[in-house]
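Please look over the structure below with the following briefing at hand.

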Amino acid sequence: MNTISISRRQFARLLGAGAAVAAVRPALSLAVTPPTTPVTPPAAGATVVRLSSNENPYGPSTKALKSMTDAFGIACRYPDAQAEALVEALAKLNGVSGDQILLGDGSSEILKLCAVTFTGAMTNEKPAGRGNLVAADPTFEAILAYAKVRGAETVKVPLNASFGHDLAKMGAAAKEGLVYICNPNNPTASITPKNELRDFIEKTPRETMILVDEAYFHYADSADYESVIPLIKDHPNLLVARTFSKIFGMAGLRCGYCVAQKETIERMRPHQMWDSVNVMALVAAKSNLEDPDQLANGRRWNSEARSFVIGELDKMGHKQIPSQANFIMFDLKRPVVPVIKALKERNVQVGRLFPALPNHMRLTIGKKAEMEAFLAAFRQVMA
Amino acid sequence: MSSIWDLANPQLRDLRVYEPGKPIEETARELGTDAGHIIKLASNENPLGPSPKALAAIRAALESSHLYPDGGGYYLCDALAAQLGVSRDHLILGSGSNEIIEFLGHAFLDRGDDVITSEHAFIAYKLVAAIFGARTIEVPSPDLRHDLDAMIAAITPKTRLIFIANPNNPTGTLAGQEEIDRFIERVPENVVVVFDEAYFEYLDDPPDTLRFVREGRNVAVLRTFSKIQGLAGLRIGYGIARPELIRVLQKARQPFNVNGLAQAAALAGLADVEHRRETKRITDEGRAWLQEQFAAMDLRYVPSVANFVLVNVGDGAEIFRALLHRQIIVRALKGYNLAEWIRISVGTMEQNRRCIAALREVLGNRPG
């Protein structure tokens, strides 16, 4: 074979490309890199009060913990059977068939798969069924980054005066592609009323996909709120993401899922590598679902600690956006960034800056003692 | 709307979905038996399980189940960097090394691009090419070994990635150092070469591919905790490449891709040299014994350097089914275009003996 004797230099010339670097897809160079900062250990003797990531401080059900230690014997096995068992349980829970459920490595993977499947650059060769990404501002922004990796245009539509999604403007901005609706919304803890959302889903053309992220579904108790899972049967363009990271207390284990029509799931499935959810998360998720106390306790404890901290903030004159989640967002009446920093110095971590609301702070509802520790540090900082 | 395929990427239409080894639980259910009676030698898992140190670390990490994991895997990357003699910015963690294959696709593949790999190579490469609309050029390997010269000859101006599983799954063959050195010298600089070294730790005299990374070439090396570390269920693997290439791959990673238990288990397992040594010992012993048995049975097999052996049984699918009825799961390889063969993972000696006894029975019963 002649080619064997060709040197690398000759080869580069042959290819007409002397480039020393591999061709990275241009869209990727514009994408955001996820942070890789380590979890900083607290100074000796200090405990960090972590109210920054909307985690459930009580963790998963004791049944879930036991199911994980019981699974040590299968830790060396690929987790296909356990994935199947969880899919079955979720299908039953949501009144759909197993082929309408897709598991993810956290609901983040579901968001990523939706971006990969339904968004893309609007070029002449645009693949059918893809388009831009429309999301609220502020909202949970992970999906914006995934859409940018795919080279898609992203449009941010400000929340309306009551901190709900401005669905009319979002619908108008959609060019096929995907509309992302986080309900209840992170970071504002606000909901988009059920009638408005139902109307929007009815009116949206089928070429535009609608992803409703219901990560905080279990905490919402307003009469104006509902899950849109029951609407899926009539809407092939509707997808719902759920997670085990919030009320199920499994953020560290990484498990979430998507519900949609079978054909919609089938469009996403080829974009996913296999075995993305680990065996511990799979068995823990299933046991969590079987423990009714997990939800009842999670709701009650969250609501008690939230009422307590809201009462204290009211006394200090800080108005909150009505919360339907395990966190609150309140008006600081001054820039939040220096306050975040000052609290951090006192070993209290709160939510980051959301540029659309620079004078608001997002605060996770922890245990009552953690809320007391926050309030003590907060009073010092604000004094 | 006529068919969903009108909307889907056309290259996905003919894509064969990855078929994992048949799970023990499913087999037990079908046979109406207890899962404890089933022997699974189908997915190249470690029959000894993880290191006891790794399990202890998981137990300790359970109490932080509710906290998001350390996104970049700071401590694990530090430990890996020290062990490999590179700096931390040469590393990226994946939810299994298959996730890093996906990152490579996100980073480098678009419609119309080419990916080169071997015929009979791990099917993940073909799958990732299809996801991003790239074409896979499968270089023939008539003797079931990588033909690196032919891979060089197959390079086109559209070639972005070359995948070399070394040792290769499912054939168990190895490309040696000299062969690889010669190959790397001739690969154009704008092509990224990926050495998938999932079975690296089973080798007596492993070729050094990290030297290419240190030289600043466009080479990525993939390793996993699913094999010798016995953590297949936990989903964790890693990639090693020059820092600039790692920075590119990081962009395709979701912030919390690797769960906290896997990170803790991997870190503890890494320190357990004894567990790795014992796993390698039983693998070497079991593999040698299996190969002796195949020779004694006049079966053609491919001498393997990994924790599995490829053996020609005439009709792989039929023998797979017959073994399944005897409660033994192996892997049929029609999807790899190796219909006459089955792949048997090396188990404990007791499992190996039961497998061979069943195989003898099955082959003896086969109508002439």
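**A helix pair in chain A**

In this predicted model, H5(A) passes H6(A) in a right-handed crossing.

*H5 and H6*
- Sorted by class, the contact of H5(A) with H6(A) has five nonpolar residues, one polar and one charged.

*Helix H11*
- H11 of chain A, which runs over residues 292-315, has 24 residues and reaches 35 Å from its first C-alpha to its last, close to the 34 Å expected at 1.5 Å a residue.
- At the start of H11(A), the backbone nitrogen of A:Asp293 has a side-chain oxygen of A:Asp291 within 3.0 Å, and just after the helix A:Gly317 takes a positive phi of about 85°.
- The buried residues of H11(A) include A:Gln294, A:Asn302, A:Arg306 and A:Glu312, and what covers the buried residues includes helices H10 and H13 and strands E9, E10 and E12 of chain A.

*A:Ser276*
- A:Ser276 lies in the loop between H9 and H10 of chain A, and it counts as buried because its relative accessibility is 10%, under the 20% cut-off.
- The side chain of A:Ser276 makes a polar contact with the side chain of A:Gln272 at 3.3 Å.
- Leaving aside residues up to four places away in sequence, A:Ser276 touches A:Leu103, A:Gly104, A:Asp105, A:Glu109, B:Ser95 and B:Arg235.

Conventions:
Residues are numbered from 1 along each chain as its sequence is written. Chains are lettered from A and ligands numbered from 1 in the order in which they are written. This is a predicted model: local features need pLDDT of at least 70, side-chain atom pairs count only at pLDDT 80 or more; totals for chains, interfaces and linings use all residues. Side-chain values use heavy atoms; hydrogens and water are left out. Helices (H or I, at least four residues) and strands (E, at least two) are DSSP runs, numbered from the N terminus. The expected span of a helix is 1.5 Å times one less than its number of residues. Buried means under 20% relative accessible area, exposed over 50%, partly exposed in between (1.4 Å probe, protein chains only). Contact means heavy atoms within 4.5 Å. A polar contact is a pair of N or O atoms within 3.5 Å; within protein, one must be able to donate a hydrogen and the other to accept it, and residues adjacent in sequence count only if both atoms are side-chain atoms. A crossing is left-handed if the near helix is turned anticlockwise from the far one by less than a right angle, and right-handed if clockwise. Ala, Val, Leu, Ile, Met, Phe, Trp, Tyr, Cys and Pro count as nonpolar, Asp, Glu, Lys and Arg as charged, and the others, Gly among them, as polar.
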